[in-house]
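Here is a short report on one protein model. Have the sequence and the 3D view ready as you read.

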Amino acid sequence: MSNLAGCDVVSVKENTQHIYDLVALCAARGVEKAVVCPGSRCAPLLLGFGKHPAIETISVTDERSAGFIGLGIAQQTGKPVALVCTSGTAALNFAPAVTEAFYQNVQLIVLTADRPAEWIDQWDGQTIHQSDIYQDHVSGSYTFTKENQSIAEEALSLDGPVHLNIPIDEPFYPDSLDEIQFGNPVYNNVIEPVEVDNTELQTLLDNTSKVMILAGQSEPNPELFDLLNSLEVPVVTDVTSNLHTLSNSVNAVDALSTPDLLITIGRSIINKKLKLFLRENSPKAHWHIGTSMIGDPFTSLTETVNCRPEEYLNGMKFNSAEYRDYFVESERNLIGTEFNYFTAVEKITADLPEKSVLHLGNGMPVRIIDFIGLKKDVDVFCNRGTSGIDGVVSSAVGHALADSRMHTLIIGDLSFFYDRNGLWLNHEFPTNLRIVILNDGGGGIFNMISGPADQGELTKLFTVPHNRTAELTADEFGLEYKSARSEDELIGFKKGILEIFTDMETNRKVFKSF
């Protein structure tokens, strides 16, 4: 009975047991970590996840940061992560991370506590319209109640982010934590084997010598890497494809040649020049192979295959060795130029530990790497689902919390300052994450591209000039701080924050000279 009626008295157990059962189902689904945000209406969720023996809870005050930290953990582990928040605008702050997860097909289980529906629009505190709050950016959206518990099985069976909005009546605080009990649900996730029939593509390959594989953003995949490495075909690799060290890898900068057959795998690519080239010079056939969202960024798609590329391409024969040899990487020589963020990034990436993890901010950092190339055997992650600057620090934090390797984040100044709350954890900051800030006193990318750079005095509305540094931020969060204004000063950076100061105009000139 709702509190609005104000008559019947119900027990805490009656109001909350279905929530503890949901927590147990999450554990059975494979959730090992939950990122939770403080609040009162979400108390049963906090207590349930906090007490469950198979789930580690990570408490983060800022919901926007929490969402991206959960995203990073899910990306790094390959396992679903639960996000928990209280009612009201807290849920809205998950939206950027949920959207990023949607476009990268990352499994987030978003659990938003809510007030009973009858209190919406009644001037009750922290009460807004929460059902379907993420609209088209989740794989499924549900209202979870004790009368509708069966929908949890369906929700947790979906790929990508899912949303369960949970109206919770008072009372919801138990007299003792011993009252919190979990069942042992069995989660049946039977994956039916996919029947692979690649004869049509093989016939096409037998009659086509100009074949190109274009790899967009993808997670590290050793099986796919080994397969592509053995093929006689040029593989154009975006820096976020995690295929950049293939022996037949071609940098996107050098890939301006129209294939007769284009095979795409992965998601988005960074290089706009190549994207425009392929739109204007369509291949005769374009096949996309993959199991997640299918896009057509070159407006040339002719066939789609719902299969993992390493399964579908296994055993196929390519005859494009001559076409592969056509591509010769151009020399992008940065030596002899003034200190700038291209030379700085080249030095930083050359010194990365092998088998470590590199995180890239949007704006210039990911474009710099994509342009100069990356030859180190490292995993690469970037929020290219929506390409926003929000949550970049937080995503890297999530990765580092879930993995013991060294993680290096290269990020622009505006993006770093925008997401400083990613450093504000309610427990120890991961010591295996170090942060490199490219500080050119504003949004340097807007000084590079035509349009904003041509607006005279009003260009500052895009670049947002400033004189801030990260030194006080590092001190606030107990991180070591080092600054650099020359290549020699980059030497010796091991942990904490390295802030590289470059001149925006010098960076612009170097970029234009390429």
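## An aromatic pair

Phe182 has 23% relative accessibility, so Phe182 counts as partly exposed. Here buried means under 20% relative accessible area, exposed means over 50%, and partly exposed lies in between (1.4 Å probe, protein chains only). Tyr20 is at 2% relative accessibility and counts as buried.

The structure holds eight aromatic pairs. Tyr20 and Phe182 form an edge-to-face pair, 6.4 Å centre to centre, with 75° between the planes. Tyr20 sits in helix 1 (residues 12-29) and Phe182 in the loop between strand 6 (162-167) and helix 7, so the pair ties together parts that are 162 residues apart in sequence. Rings of Phe, Tyr and Trp (its six-membered ring) pair if their centres lie within 6.5 Å; planes under 30 degrees apart are stacked, over 60 edge-to-face, and the rest tilted. Helices (H or I, at least four residues) and strands (E, at least two) are DSSP runs, numbered from the N terminus.

## About the model

This is a predicted model: local features need pLDDT of at least 70, side-chain atom pairs count only at pLDDT 80 or more, and totals for chains, interfaces and linings use all residues. Residues are numbered from 1 along each chain as its sequence is written, and side-chain values use heavy atoms, with hydrogens and water left out.

Phe172 and Tyr173 form a tilted pair, 5.2 Å centre to centre, with 55° between the planes. Phe172 is buried at 5% relative accessibility. Tyr173 is partly exposed, at 45%. Tyr323, Tyr326 and Phe327 form one aromatic cluster.

Which residues of helix 7 are buried? In this helix (residues 199-206), they are Leu201, Gln202 and Leu205. They cover an arc of only 100° around the axis, which puts them on the same side of helix 7. The arc is that of the directions from the helix axis to the C-beta atoms. An α-helix has 3.6 residues a turn, so residues three or four places apart point the same way.

On the other side of helix 7, Glu200 and Asp206 are exposed. The buried residues of helix 7 pack against strand 7 (211-215), strand 10 (261-265), strand 11 (285-289) and helix 10 (309-312). Contact here means heavy atoms within 4.5 Å.
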